[in-house]
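I opened this model to look up a few strands, a helix and a loop. My notes follow in the order I took them.

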Amino acid sequence: MTRLGRVRRLSGRKKLGVVVGVVVLVGAGGWVAGTQVRSPADAAAARRPPEAGPVTVKVGRQSLTATVVATGSVEFASPRPLALAGQVGAGAAGGAGGEAAGEQRVTRPPVAGTKVEEGDVLMMVNGRPVFALAGTVPMYRALGPGASGDDVRQLQKALRRLGFDPGAASGAYRQGTAGSVTRWYASKGHQAQQPSLADRQQLGALEESVSAAQQALLLANDSGAGGGAGGGAGSDVSEEDGAASPPAESAAQRQVRQLQLSSARKSLDLANAALGSFRESYGTKVPAGEVVFFPKLPVRLDKVTVKAGDSPSGPVGTVTSSDVVVETVVPGSDAALLSKGMAVELTTAAGEKAVGTVSALGADAAATSSTAGSAGSEESEGSTGSAGAGSPGGEEEPDGATDPTAPVQLRISVPDPGPLAGQASASVKVTIKIGASAGKVLTVPLAAIRTAADGQARVRVRRGDGTADVRVTVGLSAAGLVEVKPVDGGKLSQDDEVVVGE
């Protein structure tokens, strides 16, 4: 073959290869396009949702711990309003005498957060002190000479504790008590309340009344001294010596004189009685507003509602004990699981922990709650489990039924505050363990539990392509899980799948 022939032969082969390549490409493109094109029926079938089937969850095996969790507020225990029982200083009323009540102004208000011991000065009114003393009988009157009772005995015991022994705690305010009061005030740089100007004026008036009554009685006696003591119907002249005698007193005159004497004696008796009574109460006193008795000391001045220049009438603040408590509220359904004495774990925002004890629930907690509704307790976060029925419930509905969702107040005592000390009003996490399983148990979601018409709890367990009911008993629940045990020969084991939905 010549060279020209070989060239023509190669050119023909190339043309054939190009044609074959084009045909292959066109065929491939057609196949791809064909796979992407669906008929309307195929497209509708592709969008159709899958057939419904049971939603299952595997049976677990673990320990369960049921808790009630809430958010509480750190408070000081035993809050109570602080108020003065009466006037302070010379304007004090009470006892015998006393000036008319004058205007009262706070000259040194209490200081919030102060710890108050027995004998401390709480505040000053009109420049005079208001003392704190321990005692269960509230101050309700001025105490001074002539007064007697449990409040006087309480004052005498307090004076003895402070080192100003008044003698026997007889309950009668006498000179010994007055002297102790004088020394006690002086030790604090104050003068005990001495008789006021009005007292002194009244004492003088009573003494004058006695003198006038005595004079009246003497005059009454004198008026009848010359009138024939023998009386009777005798003559005006003595028959023996012939001397002239006072004219005989008639019966009417004698009767008048007797009435005058009787009246004068009665007036003198009344004047002496009034003077004696006043003198019994005359002397050093403790005005009603100058002492506040507290059942237990020390106390803490929690809140103060007056400032310098204010009138001290009404509450002037709130005092608490130094003990720390935590106040919170929980739903009634959770409160039904709680009881007094249960241990509580308290966690601060910084993660520090303290231990407390449930000390009051419901009405008991509300009765002694801080500041009646202002304790700062917050809404419960709810329980993470349940262990059975209890008694403390929520508020009672009008028809007498108890609303299980009504909030119930809860107070937790904290004997050893630790990180909570000095954290008044701080928020803490409250965790109360209400039950725990006996080791690891079979657990299923609460949604897996079904109750049949016979009241028996069951779970549906996947068996092959179908499901089968297994009777179970239900135990502790926590965090959405519940302890189950198969009964009546039913079989249920870990990793079985139970139906929780369709």
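I began with β21 and strand β22 (residues 466–478), which run antiparallel and are joined by six bridges. This is a predicted model, so I read every entry below as a prediction. I looked up the partner of Arg463 and found Gly466 in β22. The two strands make a hairpin with two residues between them. I checked the turn there: Gly464 has a positive phi of about 65°.

Next I went to the other pairing of β21. Strand β20 (residues 450–451) pairs with β21 (residues 457–463) over two bridges, in the antiparallel sense. Arg450 has Arg458 of β21 opposite. I noted that β20 and β21 also form a hairpin, with five residues between the strands. Gly455 takes a positive phi in that hairpin, near 85°.

Then I traced an open sheet. I read the order of its four strands as β4-β11-β10-β6, with antiparallel pairing. Which are the edge strands? They are β4 (80–83) and β6 (115–116), and each pairs on one side only. For β10 (residues 299–304) and β11 (residues 315–320) I found four bridges, again in the antiparallel sense. Leu301 stands opposite Val319, a residue of β11.

I turned to helix α6, residues 251–280. The helix has 30 residues and reaches 44 Å from first C-alpha to last, close to the 44 Å expected at 1.5 Å a residue. Which residues of α6 are buried? I listed Arg257, Leu261, Ala264, Leu268, Ala271, Leu275 and Phe278.

I also looked at a span marked in a record. UniProt, in an unreviewed entry, places the feature "domain: Peptidoglycan binding-like" at residues 148–183. In the model, that span is 58% helix and 0% strand. I noted that its end C-alpha atoms lie 20 Å apart.

My last entry is on Thr348. I placed Thr348 in the loop between β13 (343–347) and β14 (353–361). Is Thr348 buried or exposed? Thr348 has a relative accessible area of 13% and is therefore buried, the cut-off being under 20%. I then asked what Thr348 is in contact with, leaving aside its neighbours within four places in sequence. The list is Pro419, Leu420 and Val428.

Note on methods
Residues are numbered from 1 along each chain as its sequence is written. This is a predicted model: local features need pLDDT of at least 70, side-chain atom pairs count only at pLDDT 80 or more; totals for chains, interfaces and linings use all residues. Side-chain values use heavy atoms; hydrogens and water are left out. Two strands pair if DSSP finds at least two bridges between them. UniProt positions are given in the numbering used here, feature names are shortened, and annotations may be inferred rather than shown by experiment. The expected span of a helix is 1.5 Å times one less than its number of residues. Buried means under 20% relative accessible area, exposed over 50%, partly exposed in between (1.4 Å probe, protein chains only). Contact means heavy atoms within 4.5 Å.
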